[in-house]
Amino acid sequence: MTLWKEMPMEMENGTAVQEFTLEGFPDIQHLGKFLFLVHLLTYLASIAGNAVIVTIICANSRLQTPMYFFLSIFSFGECCFVNTVIPKLLVIFLLGKQNISFPACFIQAFFFFFLGTAGFFLIAVMSLDRYVAICKPLHYSTIMNLKTCSFLVTTCFTLAFTLITGLVVKVSQLSFCGPHVIPHFFCDIGPLIHLSCSDTRPTEMLAFVLALFVLLTSLIITIIAYSNIIITIVQLPSARERQKAFSTCSSHLIVLSLMYGSCVFIYVKLKQTNRMNSNREAALVNTVVTPLLNPVIYTLRNKQVHQALRETMCRMKMSR
């Protein structure tokens, strides 16, 4: 890629920046092997859980609907998202290898924020899908056809790619004069900007505006969609209909609450003492816990997924 060749990586003494050091969790690094085991199990469970959701949706004809199409894309994105950070964290815990090359650092940052941003846009799209399904049920199949669904997913990833590429390239063009220790367990944009000896105010403002844009855009769409959903549900004649309508949204609401909560805490809060330390714990929730809980929430609270999972397991037993 010519992108990395064009990046100015010169330090003040004229030598190029070759690598950064990820600080990780120095206070608990002595528990490295235990933490490695815990995070390895969590990582495998997260990958397996999201992979199961994708497989079930693709294999079961009754789940070939827009709602599950978006869920399968979201779960696939979560698998990729976990793989951007956790493997390196496992290496840090097990082997203590904290160095990461300059290109690898920015590649990690790009995919982390690209997939994370696409995830927020997908959450907003899933809110729109629930709005159409509940508020306009007679037109649902016409509005949310395959062409529309494909267009919405493509738009999510294209917009995320455009926004994050510009930001990562901007940060990579800053001058890094030392120290090169990133006070985090992955190449987060904020700590990278703070390591630069350039004038970082324009870059910091760009990062803040982009974070605000992504969070507010997806949040506003979600709020508008669910405001209309709530109004429609309240107006339903029977309690059973209201419960059924709300049950299709409850899992989605829990997942988006986890995502918004952790990301608002990390990227939009005001500066405060020990900001980097508190960010590490919140980021760990966002990169480890949330992707693990997503498949659990969706499978435990969804009868159709339950049924599809049972059918898949029965077919597997019969094929033996």
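Predicted model: local features only at pLDDT ≥ 70, side-chain atom pairs only at ≥ 80, totals over all residues.
Among contacts in the chain between residues at least 6 apart in sequence, what percentage join residues at least 24 apart? The figure is 78%, where contact means heavy atoms within 4.5 Å. Good morning, and thank you for coming.

Residues are numbered from 1 along each chain as its sequence is written, and side-chain values use heavy atoms, with hydrogens and water left out.

Let us begin with the overall layout. The chain has eleven helices and three strands. Helices (H or I, at least four residues) and strands (E, at least two) are DSSP runs, numbered from the N terminus. Read from the N terminus on, the order of elements is α-β-α-α-β-α-α-α-β-α-α-α-α-α.

Of the 320 residues in the chain, 47% are buried. Buried means under 20% relative accessible area, exposed means over 50%, and partly exposed lies in between, with a 1.4 Å probe and protein chains only. The accessible surface of the chain is about 16,300 Å², and carbon and sulfur atoms account for 68% of that surface. Such areas come from the Shrake-Rupley method with a 1.4 Å probe; for residues, only the protein chains shown count as cover.

I turn now to an annotation. An unreviewed UniProt entry places the feature "transmembrane region" at residues 34-57, 69-94, 106-128, 149-169, 205-231, 252-270 and 282-300. UniProt positions are given in the numbering used here, feature names are shortened, and annotations may be inferred rather than shown by experiment. In the model, the span 34-57 is 100% helix and 0% strand, with its end C-alpha atoms 35 Å apart. The span 149-169 is also 100% helix and 0% strand, and its end C-alpha atoms lie 30 Å apart.

Next, the cysteines. How many disulfides does the structure hold? It holds two, a disulfide being a pair of cysteine sulfur atoms within 2.5 Å.

One of the pairs is C105 and C187, with sulfur atoms 2.0 Å apart. This pair links distant parts of the chain, 82 residues apart: C105 is in helix α4 (residues 102-135), and C187 is in the loop between β3 (181-182) and α7 (189-195). Why is this disulfide, between C105 and C187, called left-handed? The torsion about its S-S bond is about -125 degrees, so the disulfide is left-handed. Both C105 and C187 are buried.

C177 and C197 also form a disulfide, and their sulfur atoms are 1.8 Å apart. Here too, distant parts of the chain are linked: C177 sits in the loop between α6 (146-172) and β3, and C197 sits in the loop between α7 and α8 (201-234), 20 residues away. C197 has 39% relative accessibility, so it counts as partly exposed. With the bonded cysteines numbered in sequence order, the pairing is 1-3, 2-4.

Two further cysteines deserve mention. Is C58 buried or exposed? C58 is exposed, because its relative accessible area is 58%. C149, at 3% relative accessibility, counts as buried.

Let us now look inside, at three residues. S72 is in helix α3 and is buried, with a relative accessible area of 8%. Leaving aside neighbours within four places in sequence, S72 is in contact with V54 and I57. T84 is also placed in helix α3, which covers residues 66-95. At 14% relative accessibility, T84 counts as buried. Not counting residues up to four places away in sequence, T84 touches Q108, F111, F112 and L115.

Y140 is buried, since its relative accessible area is 16%. With residues up to four places away in sequence not counted, Y140 touches P66, M67, D129, R130, V132 and A133. Y140 and D129 are eleven residues apart in sequence, and their C-alpha atoms are 8.6 Å apart in space.

L31 lies in the loop between β1 (19-22) and α2 (32-59), and L31 is partly exposed, at 37% relative accessible area. Together with I28, F34 and V38, L31 forms a nonpolar patch with about 330 Å² of accessible area. Patches are made of residues with over 30% relative accessible area and no salt bridge; like charges are joined within 9 Å, and nonpolar side chains (Val, Leu, Ile, Met, Phe, Trp, Tyr) within 5 Å. A salt bridge is a side-chain nitrogen of Lys or Arg within 4 Å of a carboxyl oxygen of Asp or Glu. Thank you for your attention.
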